[in-house]
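I opened this structure to look up a few features of its fold and its side chains. The entries below are in the order I took them.

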Amino acid sequence: MTNVLDMDGFDPLSIDISDPETTRMLDDQNRRIVSNILKSYTGYFDLFSELIQNALDAMEAKSRTEANGYRPEIWIHIDIQGSKIRVVDNGVGMDAHQLRYFAKPNVSFKKPREYRGQKGVGANFLAYGFSLIRIHTRKDRQEYAVNLRQGRQWAQDQHDTVPRPKFSTELFGIPELSQGQDGTAVEVVVGGVSGERPKRFDWIGARTAQQWADVLRIKTPIGGIYLRTSSLSPIVNVKVTDSSGNVTFTTLSKPEYYYPHEMADIKVGAVTDIEKALHGLQGSTDERYARLDSQYKRLDCLWEIYDTKQIVDEDWWFSKTLDDDQRALVRKHNVVIYSAFLRSAKMWGELNEEILGLNKGQRVIRGGLQLASDFMAQGDLTIIPLTSTIGYQANTHIIVHFMDGSPDMGRKAFQPELEELAKRLAVQCVNIFKRYLQNLKPDSGAVAITPDKELHEWKRAQEQYRDRKSLSFKAANGNITLLSEPQQEQDVIALFHQLIGLNLIRGIKFFSTSQSERYDSLYLLDYDPDEDIRYSKTNNPLGIGPDSTLPYPSEPRVLEYKYDLDALTRDFANDVKYPKHINFVVFWKATKQFKEKYYLNSLLVGDEGASRLTFGATHLAFADGNQQPDFEVCILEDLLGYLMDPMEEEHRQRQKYKD
């Protein structure tokens, strides 16, 4: 007899806290959500950035209602000795309702497009990413002070031994604020728990307030990227207690990003100024340059800012390379570019070590492409994808700023179309700078693609890697030509296609391969009906299952290349790629981290190969809890091991991929 359950009017999002099973389920769900949020924050400066971003947004909110006479001010205390950071703002403060829910995942009291952060994950990261957080806040003369302990310990607890943290009240005190003034103080203590970043506040060598003020301008929203827009312009007070207890102070007025052309004791020139000066001169190019004022010659740095109108309508160097969709993106996100070109890449070392005084080898700023959104640098620098004179990558620092760029919750990845647009704009900036190389001092550090010594060291490093990680495989009809194990994705692509050429992998035909589209390759399966491609443990262990009913040739299918599976799971987490779109993934190796997201069922063990759809696939990838595989996988390291020694590799498969 079928039981009839009356579901009419039931709200599936409702919560029945009287049911113990529901309570347990929600507790587990909260832990998973918090854990995923914490995993999205991997940078050493994320702690500083989130604290400062929240403070700036609080002051921004107050400036909208108290425009007359309001003087935004922020106090930052970095206590190296005590492993804690404290940020105070004189913004709007929080009321009781906001304080209760500020750390709840995906809850935000900010309006999108008006503030720097509105995803509802930053406060959650602060509360559960560290050992202790204290929040003191005052709003409309109502004062609240609480702390939350062992947030990180609970989030990482796998055995239910750490109770979920709860607020504890404490005495209110924000000496930086005058009596009755609204504002908030947040203090985070780093307790050395696994996963906390940074573990130590002096890792880069910044020990004084001035050093930290400069670093914060580069790596956090204190260094606002305003370019040709108006700014909040708060007064920023920085206090640092070093590891010996010595205290230093400094104050910044209207701080912005530490733009490279602002380096001390260098000679700089803006491209538009040089062009205007040349425009007023007569004669050939050489004659005009000879008459050019000396202030535009023998420069250390070229720089320029391009706004939306220049990019789309005025500058031929940009407009010629953009299509209609990209021009629309430039207008939609009000894109502005900052670009700087140093005469020598060695100058980054001078900036980091001599001017900023950081430890040797630290590079808080260097050549590369920096994406930014809503007045903040977002994520780390990436390589400018030059195809010629690639040495200029190290000389050039480009910032492409989007309004409402909406990077992911860890502030790292932008939508692929925005990343592609930024790369194209950055390349064109370098092309513009190349027209003015004669204005730089000699030895710009990039005319020769690779200096002789660097080239020699690179060759030796590759030879040493080959000796450590040699790749030697012989097939009946030829040998692979790679001498070393793959080091990056392009090596994986080369090796996979060699295996196809040796007929060790069969039936795959390619439409195309792309570096700029969302997915890497489009292919179809087209098996020769006269060829033995069916699975047999003894005669054809890499063949397809005997019950495969896919028509051949198949419909177009999506293939992804990666060096390892972890890179793909990061793309999934950031909504850069989607599992449901992908049919086949080829990568070199699977590290242990993949088990957090996927279970790999080996097709090289026993008769598991009978379920194979793609010839040569080594595994099926199942997302956590799914009964059907998301896609097939070819792990090249495992495949080569199986081809060379099937019994040994099958034993290794059982050990590595066991439940």
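**Entry 1: the model.** I am working from a predicted model.

**Entry 2: the sheet.** I looked up the strand order and found an open sheet of eight strands, β5-β4-β3-β6-β2-β1-β7-β8, with mixed pairing. Which strands stand at the edges? They are β5 (168-169) and β8 (247-253); each has a single partner strand, so one side of each lacks a neighbour in the sheet.

I then checked one pair in detail. Strands β3 (residues 132-139) and β4 (residues 142-149) run antiparallel and are joined by eight bridges. Within this pair I noted Arg-138, which stands opposite Glu-143 in β4.

**Entry 3: helices on the sheet.** I asked what helix α2 (residues 46-65) touches. Helix α2 packs on the sheet through β1 (73-79), β2 (84-89) and β6 (183-189), and its direction makes about 10° with that of β2. I also looked up helix α6 (residues 209-219), which lies across β1, β7 (235-241) and β8. Its angle to β8 is about 40°.

**Entry 4: positive phi.** I searched for residues other than glycine with a positive phi and noted two. Asp-140 has a phi of about 55° and sits in the loop between β3 and β4. Asp-374 has a phi near 55°, and its place is the loop between β12 (368-373) and β13 (376-377).

Are these two buried or exposed? Asp-140 counts as exposed because its relative accessibility is 58%, and the cut-off for exposed is over 50%. Asp-374 has a relative accessible area of 10% and is therefore buried, the limit being under 20%.

**Entry 5: salt bridges.** How many salt bridges does the structure hold? The search gives 23, and I followed up three of them, listed here.

- Glu-187 pairs with Arg-134, with the closest N and O atoms 2.9 Å apart. This pair links distant parts of the chain, since Glu-187 is in strand β6 and Arg-134 in strand β3, 53 residues apart. Glu-187 counts as buried at 12% relative accessibility, whereas Arg-134 counts as partly exposed at 24%.
- Arg-363 pairs with Glu-353, and their closest N and O atoms are 3.0 Å apart. Arg-363 is in the loop between α12 (346-355) and β12, and Glu-353 is in helix α12, ten residues apart. Arg-363 is partly exposed at 35% relative accessible area, and Glu-353 is partly exposed at 23%.
- Asp-526 and Lys-509 meet at 3.1 Å, N to O. Asp-526 lies in the loop between β18 (521-525) and β19 (557-564), and Lys-509 lies in strand β17 (residues 508-513), 17 residues apart. Asp-526 is partly exposed, with a relative accessible area of 23%, and Lys-509 counts as partly exposed at 44%.

**Entry 6: a network.** Which residues do they join? Arg-134, Glu-170 and Glu-187 form one network.

Note on methods:
Residues are numbered from 1 along each chain as its sequence is written. This is a predicted model: local features need pLDDT of at least 70, side-chain atom pairs count only at pLDDT 80 or more; totals for chains, interfaces and linings use all residues. Side-chain values use heavy atoms; hydrogens and water are left out. Two strands pair if DSSP finds at least two bridges between them. Helices (H or I, at least four residues) and strands (E, at least two) are DSSP runs, numbered from the N terminus. Contact means heavy atoms within 4.5 Å. Axes are lines fitted to C-alpha atoms, for helices over the stretch in contact, and angles run from 0 to 180 degrees between N-to-C directions. Buried means under 20% relative accessible area, exposed over 50%, partly exposed in between (1.4 Å probe, protein chains only). A salt bridge is a side-chain nitrogen of Lys or Arg within 4 Å of a carboxyl oxygen of Asp or Glu.
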